[in-house]
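Here are some brief notes for your review. They take a pocket, then a surface patch, then the overall build.

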Amino acid sequence: MKAPTIEVSPPKLFTTAGVLLINAYGLLPAIPLALSILAISLLEFGLLTWLLPVLVLVATAYLLPFALGNSRVVKLVGSLNLPAGKGEDSFVVQLTCSPRIRSGLRALLEDADDIGGLSFTDSELVFHGDSVKLSIPFDQIEQVRPKNVGLLGLFVYGPRITLVVSGLPGVKSVEFAERSSRLLPTSRKTTWKFYERLASRVATR
């Protein structure tokens with residue numbers, strides 16, 4: 001029986017500076033919000049003054065993956081020397097371990113320990129990231145479950161996928177979230193596709 005393995009090295013791209021740049025995308029939604037507040041202050045009170053902020057909030061939610069810096073994440077992952085994925089069984093994701101690999105300010109700024117490419121072979125899940133290389137045989141995965149992060153995760157963002165793993169040194173579970181999409185519907189669809197493919201592989205191990 002093959003054991004899961006994890007290798008951790010210093011980050012090259014997904015550093016504190018890289019995380020700050022990704023987080024800067026989160027400032028972009030403030031621009032239309034500020035413009036809508038300005039427009040409301042200039043308009044006469046009426047139906048439009050009620051609808052405008054609602055429309056801005058809906059549009060912001062729709063573009064949420066872009067505001068999370070996913071386009072920057074895709075660019076970083078694309079610059080890594082990753083093995084070729086297998087089409088629909090290849091995903092750009094963030095990895096969060098429990099207990100966390102990162103600590104201090106770096107962990108406060110970003111809830112991901114690493115970003116990279118995830119793919120499936122016939123017998124295992126393989127993650128190649130900026131600083132983490134992880135392989136988990138399907139028969140070492142005890143549980144696969146979607147995990148919602150608060151009410152917004154339940155109703156807007158969509159779930160993350162948590163794996164409870166046996167035999168992984170220093171790690172009790174790992175959590176993946178897709179980071180390739182720029183629009184919310186695409187992000188939710190990709191997340192569920194990843195979950196269904198992984199769950200079916202574990203079920204037939």
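This is a predicted model: local features need pLDDT of at least 70, side-chain atom pairs count only at pLDDT 80 or more; totals for chains, interfaces and linings use all residues.

1. The space in the second largest pocket comes to about 230 Å³. It has 15 lining residues. Closest to the pocket centre are Lys12, Gly129, Asp130, Ser131 and Lys133.

2. Which elements give two or more residues to that lining? They are strand 1 (5-8), strand 4 (124-129) and strand 5 (132-137).

3. Six of the residues lining the second largest pocket are nonpolar, five are polar and four are charged.

4. Now the surface. A nonpolar patch there is formed by Leu28, Ile31, Leu35, Leu38, Leu42, Tyr62, Leu63, Phe66 and Leu183. Together these residues have about 830 Å² of accessible area.

5. Which element supplies the largest share of the nonpolar patch? Helix 2 (residues 30-42) does, with four residues.

6. Take Leu38, one of the patch residues. Leu38 sits in helix 2. Is Leu38 buried, exposed or partly exposed? Its relative accessible area is 47%. Buried needs under 20% and exposed needs over 50%, so Leu38 counts as partly exposed.

7. Last, the overall build. The protein contains eight helices and eight strands. Its C-alpha trace spans about 70 × 35 × 30 Å along the principal axes. There are 205 residues, and 40% of them are buried.

Conventions
Residues are numbered from 1 along each chain as its sequence is written. Side-chain values use heavy atoms; hydrogens and water are left out. On a 1 Å grid over the protein atoms alone, a cavity is a set of points where a 1.4 Å probe fits but cannot get out, and a pocket is an open set with protein on both sides within 12 Å along at least five of seven lines; lining residues have an atom within 4 Å of a point. Grid points are joined across faces, edges and corners, and a volume is the space filled by probe spheres set on the points. Ala, Val, Leu, Ile, Met, Phe, Trp, Tyr, Cys and Pro count as nonpolar, Asp, Glu, Lys and Arg as charged, and the others, Gly among them, as polar. Patches are made of residues with over 30% relative accessible area and no salt bridge: like charges are joined within 9 Å, nonpolar side chains (Val, Leu, Ile, Met, Phe, Trp, Tyr) within 5 Å. Accessible areas come from the Shrake-Rupley method with a 1.4 Å probe; for residues, only the protein chains shown count as cover. A salt bridge is a side-chain nitrogen of Lys or Arg within 4 Å of a carboxyl oxygen of Asp or Glu. Buried means under 20% relative accessible area, exposed over 50%, partly exposed in between (1.4 Å probe, protein chains only).
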